[in-house]
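Here's a quick tour for anyone meeting this structure for the first time.

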Amino acid sequence: MPPAADPNLDIAALLLDLSEVYRPSPKFWGYKNASRSIRRHPVFLTDLADKDILKIPGVGPASLRVVREFLDAGESPTVDRIVGESGKAKEIEARRALRRNFLSAAMVRKVLSEPKRGAVRREEYFGDFQM
């Protein structure tokens, strides 16, 4: 994994894209909840087996397929195809721009566990990250 890579955030973004395609059906809420759970999960999905990923609240077989595609290839042809066929590609692209410059919980934990010289350590920080 490259130093700046945040697979949980990238996967969560793909699931949010899917949720927008299915708005306002029940699939919208399913993908949106799976996205939120993955974004908040404290461990990188690259470190988990499929059976452990399925234990994450809101993640089912359809979400796992997107996760597996991303972990295997760095993209999801399924999401690309569904978004392309939906007619909502421009709207979804605009929403993607609003999701930049954020970190997943797993990345926050990684950043805090590897303090740099002169940086505030986790034990010294008493603020709230507003995640």
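Leaving out residues up to four places away in sequence, Ser 63 touches Leu 15, Tyr 31, Ala 34 and Gly 58 (contact means heavy atoms within 4.5 Å). Ser 63 sits in helix 4, and it's buried, at 5% relative accessible area. Buried means under 20% relative accessible area, exposed over 50%, and partly exposed in between, with a 1.4 Å probe and protein chains only. Helices are DSSP runs (H or I, at least four residues), numbered from the N terminus.

A word on the source: this is a predicted model, where local features need pLDDT of at least 70, side-chain atom pairs count only at pLDDT 80 or more, and totals for chains, interfaces and linings use all residues. Residues are numbered from 1 along each chain as its sequence is written, and side-chain values use heavy atoms, with hydrogens and water left out.

Now for helix 5, residues 77-86: Thr 78, Val 79, Ile 82 and Val 83 are buried there. They lie on the same side of helix 5 because they cover an arc of only 120 degrees around the axis (taken from the directions from the helix axis to the C-beta atoms). The buried residues of helix 5 pack against helix 1 (7-21), helix 4 (61-73) and helix 6 (89-97). Gly 84 and Glu 85, on the other side of helix 5, are exposed.

Back to Tyr 31, one of the residues Ser 63 touches.

| Residue | Relative accessible area | Class |
|---|---|---|
| Tyr 22 | 21% | partly exposed |
| Tyr 31 | 10% | buried |
| Phe 28 | 3% | buried |
| Trp 29 | 48% | partly exposed |

Methods: Helices (H or I, at least four residues) and strands (E, at least two) are DSSP runs, numbered from the N terminus.
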